[in-house]
Protein chains: 2
Amino acid sequence: VKTLHQLGERTLICRLARLLPTRADVRAGIGHDVAVVAGDHTHDLLLKSDALIENLHFLSQTPPRQIGHKALARVLSDLAAAGGEPLWVLINLVAPHSENPKRLCAIYRGLASLARRHRIAVVGGDTTEGPTLELHVFAVGRAPHNTTLLRTGARASDVIFVTGTLGGSLRGKHLRFAPRLAEGHWLRAGRWATAAIDISDGLATDLAHILEMSGVGAEVQTEKLPIAAAVFQGLETEGPDFSKAWKSWARSSPRLGKNPVTFPKVRKQQAALAHALCDGEDFELLFTVPRRKAAALAKAWRKIFRTRLTPIGVITKQKPKLVWLANGQPLKFRGAGFEHFR
Amino acid sequence: VKTLHQLGERTLICRLARLLPTRADVRAGIGHDVAVVAGDHTHDLLLKSDALIENLHFLSQTPPRQIGHKALARVLSDLAAAGGEPLWVLINLVAPHSENPKRLCAIYRGLASLARRHRIAVVGGDTTEGPTLELHVFAVGRAPHNTTLLRTGARASDVIFVTGTLGGSLRGKHLRFAPRLAEGHWLRAGRWATAAIDISDGLATDLAHILEMSGVGAEVQTEKLPIAAAVFQGLETEGPDFSKAWKSWARSSPRLGKNPVTFPKVRKQQAALAHALCDGEDFELLFTVPRRKAAALAKAWRKIFRTRLTPIGVITKQKPKLVWLANGQPLKFRGAGFEHFR
């Protein structure tokens with residue numbers, strides 16, 4: 001193995017993680033959505049960083065305010081899944097010397113607007129010349145001791161819930177989404193959820209993360225999945241030849257283009273499903289709730305939030321088996337979410 | 001102004017900083033070496049991030065372990081100047097898919113070795129495909145309430161001290177330096193220093209930061225400056241034509257090449273001085289101490305540290321005037337440290 005292309009992001013992270021030291025005051029480190037470390041006598045600190053890179057996470061024609069919004073919103077989405085309260089942010093900016101300062105100001109206005117909405121302070125960072133525009137956002141948040149929602153904690157018979165809709169985020173949502181901070185905070189504070197993650201690489205990949213870290217399996221009823229309207233818009237404009245349509249969608253999407261999902265038999269329903277499972281950048285919450293609390297949760301949720309909430313399946317003992325069902329019948333689905341370098 | 005090249009890094013930061021929100025619990029934000037925010041009932045939290053980019057901060061032939069060492073050491077140098085204790089680190093890695101995984105592992109070993117030495121945990125980060133190799137390091141540290149050493153706080157008649165030697169860092173020191181964590185911690189804990197900064201952009205630039213933020217001036221006795229041997233090695237191999245020698249040095253150094261220091265009359269002594277003042281990446285501590293404590297500090301220092309300590313001048317009331325003296329005579333020196341995009 002001589003390149004990252006051959007190795008892939010996940011194997012790389014495993015290899016690097018083994019080399020790195022930890023401390024006794026680290027409650028959750030590498031492998032989790034956010035790091036959890038000892039804070040004060042009432043709260044843990046949550047640490048999270050994410051990168052936003054031109055031509056990968058946004059394009060040169062993307063409205064600058066949306067670039068800034070997305071840079072911060074991505075990190076906030078992870079804190080939301082953890083149920084944390086974001087507090088302070090640092091930004092490392094990389095830009096070519098030919099970059100237009102007005103565009104940068106507009107990017108920062110988009111970021112500042114979201115920061116203000118959640119009472120977050122931008123307290124520092126670094127500015128460096130580099131080949132392409134990048135924003136690296138580092139956020140510090142907090143949550144009361146030992147209450148942070150993590151990928152671990154899902155148990156057999158828990159009900160799996162997802163917020164909002166899935167798929168087709170590239171048609172606009174990935175630049176404009178509102179991180180589910182209020183929902184995540186409520187889930188954590190009410191001790192409703194046993195595990196949670198935000199869907200950034202697609203439901204298929206992110207649910208697998210929960211299963212792996214919790215040592216459980218899952219059955220998902222695919223007919224229940226809240227597939228975004230944007231997915232069907234895409235399929236309709238693509239015409240009746242769905243095999244061709246799929247390839248064209250994959251080509252038009254830089255993220256999908258790199259990891260085309262392979263179908264044994266491509267059908268419209270399956271194409272829509274593949275989008276919902278694999279597109280990524282949904283930035284919705286995926287979480288598990290003990291079965292005895294599930295009905296009460298759904299009722300309480302509807303009183304507080306307008307955000308759609310859908311039970312999509314259950315956690316099973318068969319670790320780490322992930323079974324996709326269509327009206328009770330197992331579905332042969334082999335897909336993968338987004339992975340860097342591949 | 002249509003490009004960052006025309007605007008420069010400092011003006012850009014001023015413009016962006018104005019757009020960004022803060023919070024009541026932020027004790028020091030943008031404009032400081034580290035951000036200081038409310039921690040627990042005994043300590044403040046210190047937050048710092050820095051970027052390390054291929055072909056700017058290191059070259060493709062740089063030994064990989066030194067790349068990792070430098071990535072972390074740069075951030076620790078800022079925490080050292082603040083007198084802080086580093087605790088947790090996140091790393092955003094950007095790499096092309098053609099990158100060799102073995103080189104990355106070696107880079108992380110260099111970083112991990114330094115982290116272990118200072119009992120720092122690497123708790124997370126992000127891995128992304130991008131055009132060039134970059135390491136963005138985010139560090140969280142702490143210091144007892146209201147004791148963090150900042151750029152503010154220098155007062156007229158304070159003595160200015162510098163650790164180690166200055167200049168010529170590109171001949172190797174910039175990749176191998178030990179961040180002055182023990183020294184910074186001792187300075188803060190003993191309440192010796194009124195202000196402090198680490199010298200990353202050159203003494204001329206970094207002293208100016210202290211003067212500006214403290215609202216004071218300074219007189220520096222240039223004949224006292226501890227100029228690194230590497231500077232003179234450079235000059236000697238360059239031969240007797242120092243004007244030419246200077247240009248050749250500037251060409252051979254990517255950082256200097258971008259901001260060549262202009263001399264009215266280039267002489268050997270001045271060339272050496274210019275290196276000491278402007279090369280940057282010395283990663284030494286620059287700090288101010290009340291006059292009445294200066295002798296006691298020097299005595300106490302020698303008992304504990306082998307690190308060289310040199311008084312180089314005094315703080316004056318004439319803000320923000322920075323006077324360079326050579327044996328009591330004012331020196332006409334117009335130089336500038338490193339600035340991105342220019």
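**Salt bridges and a charged patch in a predicted model**

Reader: At what N to O distance do the side chains of Lys70(A) and Glu281(A) meet in a salt bridge?

Author: In this predicted model, Lys70(A) and Glu281(A) bring their side chains together in a salt bridge. The pair links distant parts of the chain, with Lys70(A) in helix H3 (residues 64-82) and Glu281(A) in the loop between helix H11 (268-278) and strand S10 (285-289), 211 residues apart. The N to O distance of this salt bridge is 2.7 Å.

Reader: Is Lys70(A) buried or exposed?

Author: Buried means under 20% relative accessible area. Because Lys70(A) has 0% relative accessibility, it counts as buried.

Reader: Which residues are linked with Lys70(A) in a network of salt bridges?

Author: The structure holds 26 salt bridges over all chains. In the network that includes Lys70(A), the linked residues are Asp50(A), Arg74(A) and Glu281(A).

Reader: How many residues apart in sequence are the parts that Arg180(A) and Glu284(A) tie together?

Author: The side chains of Arg180(A) and Glu284(A) meet in a salt bridge of 2.9 Å, N to O. Arg180(A) lies in the loop between helix H5 (173-176) and helix H6 (181-189) of chain A, and Glu284(A) in the loop between H11 and S10 of chain A, so the parts they tie together are separated in sequence by 104 residues.

Reader: Which residues form a positive surface patch with Arg15(A)?

Author: Arg15(A) belongs to helix H2 (residues 9-19) of chain A, and at 34% relative accessibility Arg15(A) counts as partly exposed. The residues that form the positive surface patch with Arg15(A) are Lys2(A), Arg18(A) and Lys102(B).

Note on methods. Residues numbered from 1 in each chain as written. Chains lettered and ligands numbered in written order. Predicted model: local features only at pLDDT ≥ 70, side-chain atom pairs only at ≥ 80, totals over all residues. Heavy atoms only, no water. Patch = residues over 30% accessible without salt bridge, like charges linked within 9 Å, V, L, I, M, F, W, Y side chains within 5 Å. Areas by Shrake-Rupley, 256 points an atom, 1.4 Å probe, with all protein chains shown as cover. Salt bridge = Lys/Arg side-chain N within 4 Å of Asp/Glu carboxyl O. Lys, Arg positive; Asp, Glu negative; His and termini not counted. Charge placed at Lys NZ, Arg CZ, Asp CG, Glu CD. Helix = DSSP H or I, 4+ residues; strand = E, 2+ residues; numbered from the N terminus. Buried < 20%, exposed > 50% of the residue type's maximum accessible area, 1.4 Å probe, protein only.
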